[in-house]
Structures are given as structure tokens and as C-alpha cells.
Amino acid sequence: MGSRVLQLLVLWSLATTAFSLSPYYYKNICPQALPTIRKVVEAAVYKERRMGASLLRLHFHDCFVNGCDASLLLDPSPTIDSEKNSLANRNSARGFEVIDAIKAEVDKICGRPVVSCADILAVAARDSVVALGGPSWKVRLGRRDSTTASRTQADTDLPAPFMDLPALINNFKNQGLNERDLVALSGAHTIGFAQCFTFRNRIYNATNIDPAFAIERRATCPLTGGNSNLAPLDPTPAHFDTAYFNNLVNQRGLLISDQALFGGGTTDELVNTYKLYPHVFWNDFAHSMIKMGNIKPLTADQGQIRVNCRIVNN
Ligand code: HEM
């Protein structure tokens, strides 16, 4: 009897948290919502391939700070200490104009603001991955938008590029994500770019780096200056493939946090698996993206549906 009650309690708590999100949330509310988001994402990625990477990163940086609630999108104001000014986002997070464009299109086609900015981030991330040749998944929807943001929380919760494996594992664990999620989601670095200041220390000082690769990277990332010079996170930054894992095995990871996933630690085996079996990476990536998208969403009467993703409704 006791275990039956426990079972029901567990089911109930699941049903009232992340699992109240549903892939069919907008089916009746606004059936054109998802195709519209995809259209704008595809156009943006067609114009600039990197935008797909930038949009994927926005969803990650939203979810890791107080859950997937679009808190990241709020601009600074007298009441908002914007997460855009946090260490990991300042002069780095990009793609906000594309989110604005999606929101405008979606609200127009739906006739009113019914699609949350948090859901737009989740769908845009998926559509970006697909546009760059990666896996697809059914995005759970029904998130609502926060009325607050926290730069200090962002500074605490977003992982830093110089973290070692134990620190990364701990950082993900704090979000309810395990080692497998860490490796799979780090595979997002199969697309996009990083600025010199995020990997300078590694290419000049690390010992677990392919010397030829270090020399190659130093050419566009000098010891002083050139902080914002870009380098691709893997050799094929516009293609969602497994080159990232191949690279790690060859000590060609760009960030300290990338190479931390391979080099004698507990995640080596999984890196090898993803390198050898792309379909395993694809499956795990999709699974972990859904899991990340389920982090502490606001639902039902919590939060609001913002009219402008940058501003709290008054
Ligand atoms: C594991 C811990 C992680 C760390 C320490 C980390 C750190 C970074 C850093 C430092 C950059 C370069 C930013 C810049 O130079 O402006 C970057 C780029 C990027 N990150 Fe991560 N990241 C992590 C995990 C993730 C995850 C989980 C995702 C998504 C699921 C992700 C997606 C991306 C993408 C797509 C880019 C390229 C963005 C662009 O080109 O605009 N990262 N990351």
C-alpha cells in the first residue's frame, strides 16, 4: 500500500513539473508557431552559418541559470541585473536579434503573444542543430517567461572554459545532469567559434595539447592582444558531426573544458564511443537536449508570456 502511494506521488510530481511540458502544446493555440520559428531560423542560418551555433548556445545559457525561462533575454533596466552582462555572456552571447525577429513573426502569425520566449529559445536551438545537419527531436513546450534575471546567478552557474573534469561534472550535476549529459552536450562544440581569450592559456601553457595544433592556433591568437579573434571549436564549425570527439582523442580540443573530457578520466570511453558511432552521439545529444530543456520551467500560472523578449510585461 505504502509503495503504491509513493508511486502515485512520484507520478504526480513528475506530471506537475517538467513533464507538464508537451510537444503538442501549441497544436491548438497556434499551429503555425513551430513552422514559423523554423522558417526564421533557417533564413538566419542560411545568411550566416555560425548563427545556428549562437542560437543553440543561447538555450543552454538560459536553462543553466534558474531554468529555461528566457531570463537570459532580459535587457538591463533599473530592476533587471541583466544576465547579458555576466562573465560568460558579455561580448560573447549573440543571436538576440534573431530571437526578436522570431518573436515578431510568431506573434504576427498567431495574432497575439501566445508563444513564450523560453519556448522560442528551445525550438530555435533544435532547428539550428537540424539546419547544420544534426539530429532532430520533439521539443517539449509550454514554458513561460520569467519576470526576473540574475547576473550573479549566471556567474555562479554557467561553466567556465578553464574548468577541469571534476568541476564540469559538478557543474552539470547541480543542474540534474549526469556525466553522459556533460559529454553529449559538450558535443555542441562541434559547431561554432570561440574567442582567443577563452583558449589562450591552453594554447600557450597546456601540456595535453598536440604541439602542431597549438602552433596553428597561436598564429591568430597572440600572447597579448587579439582577445576577440575567433577560432573554430572543431575543424568543421558549420557542420554538426563527430569531428569534435575525433579532435579530443587527438589532443586538439580548443578549450581546457573540451580536452578535460578526454585524457585519462572517466569520460574517455564515451568520447571514443561518440567518435566511432555518430548515431550514438546523435541519440544521446537529442536525449540530453530534452533533459536540459526540462530544467525548472515555469508553467501554468507562473511567470508570463512576454510581449517583448527583452522586457518584462508591465
Ligand atoms: C561543458 C561546459 C561548457 C563550457 C565551459 C563552454 C564554454 C564555451 C565558450 C568559452 C565558448 C566560446 C565563447 C566565446 O568565445 O565568445 C563556447 C561556445 C559555444 N558553446 Fe559552449 N561551453 C560548454 C558547454 C556547452 C553546451 C552544453 C552547449 C550547448 C548544448 C554549448 C554550445 C556552444 C556553442 C554552440 C558555441 C559556439 C557559439 C558561437 O559560435 O556563437 N556549450 N562555449
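## Where the ligand sits

In this predicted model, the ligand lies between two domains, because domain 1 (25-158) and domain 2 (165-291) both give residues to the shell around it.

Which residues come nearest to the ligand? Of the 26 residues around it, they are Ser92, Ala188, Gly192, Ala194 and Gln195. Helix α4 provides the largest share, with six residues. Sorted by class, the shell around the ligand holds 15 nonpolar residues, eight polar ones and three charged ones.

## How α3 meets α5

Now for a pair of helices. Two packed helices are described by the angle between their axes and by the distance between those axes. For helix α3 (residues 33-47) and helix α5 (residues 96-110), the axes come within 9 Å and cross at roughly 145°. The crossing of α3 and α5 is right-handed.

On the α3 side, the contact is made by Ala33, Thr36, Ile37, Val40 and Ala44. Helix α5 brings Val98, Ala101, Ile102, Glu105, Val106, Ile109 and Cys110 to the contact. Together, the residues of this α3 and α5 contact divide into 10 nonpolar, one polar and one charged.

## The annotated span

The UniProt record, an unreviewed entry, carries the annotation "domain: Plant heme peroxidase family profile" over residues 20-313. In the model, the span of residues 20-313 is 48% helix and 2% strand.

Definitions and conventions: Residues are numbered from 1 along each chain as its sequence is written. This is a predicted model: local features need pLDDT of at least 70, side-chain atom pairs count only at pLDDT 80 or more; totals for chains, interfaces and linings use all residues. Axes are lines fitted to C-alpha atoms, for helices over the stretch in contact, and angles run from 0 to 180 degrees between N-to-C directions. Helices (H or I, at least four residues) and strands (E, at least two) are DSSP runs, numbered from the N terminus. A crossing is left-handed if the near helix is turned anticlockwise from the far one by less than a right angle, and right-handed if clockwise. Two residues are in contact if their C-beta atoms, placed from the backbone, lie within 7 Å. Ala, Val, Leu, Ile, Met, Phe, Trp, Tyr, Cys and Pro count as nonpolar, Asp, Glu, Lys and Arg as charged, and the others, Gly among them, as polar. A residue is near a molecule or strand if its C-beta atom, placed from the backbone, lies within 6 Å of it. Domain bounds come from an automatic or database domain assignment. UniProt positions are given in the numbering used here, feature names are shortened, and annotations may be inferred rather than shown by experiment.
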